[in-house]
Amino acid sequence: MFLFQNDWKVLPMSAVIAGLVAFAVGGNIFKTMEGTLMGTFALSCVCIWNGFFNSIQSICRERAIVKREHRSGLHISSYILAHMIYQAVLCLLQVVIMILVSTRMGVKMPDKSLVTSFPLVDIGISLFLITYCADMLALLISSFAKTTTAAMTIMPFMLIVQLLFSGAFFNLPEQAMPFTKLTATKWGLTALCAQGDYNSLPMVSLWNNAVKMKNYEVGGEKPLQDALVEIEKKNKREEILLKCAEQNQNPNYAFDVNVVYTCWGWIIGWTLFYILVAVIILERIDKDRR
């Protein structure tokens, strides 16, 4: 599959996508609140994208073979397990490539860890779990899709659901918030923000907007410009940024190992659920008239 089904192409594609994300939003990730939220959302999107493309056609393209082999005694659980192992290797390689490309392009990774002794390993585990969860969801879609075309048609819809219901980047109505728990992006983004110590980072939006309006005049004077100059003169800029951040801290992103474990637990739970449903669907493949 890796060679003859051209699965190897997902690896350079991962490098390209990671490079684009690092170039676009990598400058402030794990440096400011806004940059961290945007950057972790982008990294989660890359993981979801990689996972979906890994296995969206894996089963439906060999459905006739599976059906014939199942009638000859193939255990579906063994078949799915083989895919799980193979896809886990692909996902691991993609995560390693993502981290290497991101760090080479100057993305600052957290310097504190919560679970292991190495911050990069903590981040890598979160990225792997997001990618693998998306991979198993795509495997589930591939298990019931009639054709590869149908699977590829379903994939963009599922991708939009994962991105829209990330629970942090978009302002969702209160009644829509429970749906965020159904997505890997919500738990992955939360884990990454917690690992990046989101609540201790400065918030720069207010300062940047004030700088843009520094020439605004009130009664012939420029009060914002005068205030900014005075703040800079007294070296109070960083203090102001941290005070702004204090007003916007999110307890969901607390630098706490329990937050990370909870997020990982949800992602693993959904991953196992997708695998179980895929097995149940394929156990009925003999009744498939397609």
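Helices α4 and α5 pack with their axes 9 Å apart, at an angle of about 135°. Axes here are lines fitted to C-alpha atoms, for helices over the stretch in contact, and angles run from 0 to 180 degrees between N-to-C directions. The two helices α4 and α5 are therefore oblique to each other. Angles under 35 degrees count as roughly parallel, over 145 as roughly antiparallel, 65 to 115 as roughly perpendicular, and the rest as oblique. The α4 and α5 crossing is right-handed. A crossing is right-handed if the near helix is turned clockwise from the far one by less than a right angle, and left-handed if anticlockwise.

The model is predicted: local features need pLDDT of at least 70, side-chain atom pairs count only at pLDDT 80 or more, and totals for chains, interfaces and linings use all residues. Residues are numbered from 1 along each chain as its sequence is written, and side-chain values use heavy atoms, with hydrogens and water left out.

On the α4 side, the residues that meet α5 include Ile80, His83, Met84 and Gln87. Their counterparts in α5 include Leu120, Gly124, Leu127 and Phe128. Contact means heavy atoms within 4.5 Å. By class, the contact of α4 with α5 has 14 nonpolar, five polar and one charged residues. Ala, Val, Leu, Ile, Met, Phe, Trp, Tyr, Cys and Pro count as nonpolar, Asp, Glu, Lys and Arg as charged, and the others, Gly among them, as polar.

The protein has 11 helices and zero strands. Helices (H or I, at least four residues) and strands (E, at least two) are DSSP runs, numbered from the N terminus. The C-alpha atoms fill a box of roughly 85 × 40 × 35 Å along the principal axes. Of the 290 residues, 46% count as buried. Buried means under 20% relative accessible area, exposed over 50%, partly exposed in between (1.4 Å probe, protein chains only). Among contacts between residues at least 6 apart in sequence, 78% join residues at least 24 apart.

The largest nonpolar core holds 64 residues. Such a core is a set of buried Ala, Val, Leu, Ile, Met, Phe, Trp, Tyr and Cys residues joined through side-chain atoms within 4.5 Å. Phe52, Ile80 and Leu127 touch the most other members of the largest core. Helices α1, α2, α4, α5, α6, α7 and α11 each supply at least two residues of this core. Its largest share, 13 residues, comes from α5. Beyond four places in sequence, Phe52 touches residues including Ala134, Leu137, Met155 and Gln162. A second, separate core of 12 residues includes Met33, Phe41, Met203 and Tyr253.

The axes of α7 and α11 (residues 257-283) come within 9 Å and cross at roughly 155°. That makes α7 roughly antiparallel to α11. The crossing of α7 and α11 is left-handed. Among the residues in contact are Ala184, Trp187 and Gly188 of α7, and Val259, Val260 and Cys263 of α11. This contact of α7 with α11 has 11 nonpolar, three polar and no charged residues.

Two loop residues are buried. Ile59 lies in the loop between α2 and α3, with a relative accessible area of 0%. Its contacts beyond four places in sequence include Tyr79, Ile80, Leu139 and Leu282. The C-alpha atoms of Ile59 and Tyr79 are separated by 9.9 Å. Thr180 sits in the loop between α6 and α7, with a relative accessible area of 2%. Beyond four places in sequence, Thr180 contacts Phe165, Gly167, Leu172, Lys186 and Trp187.
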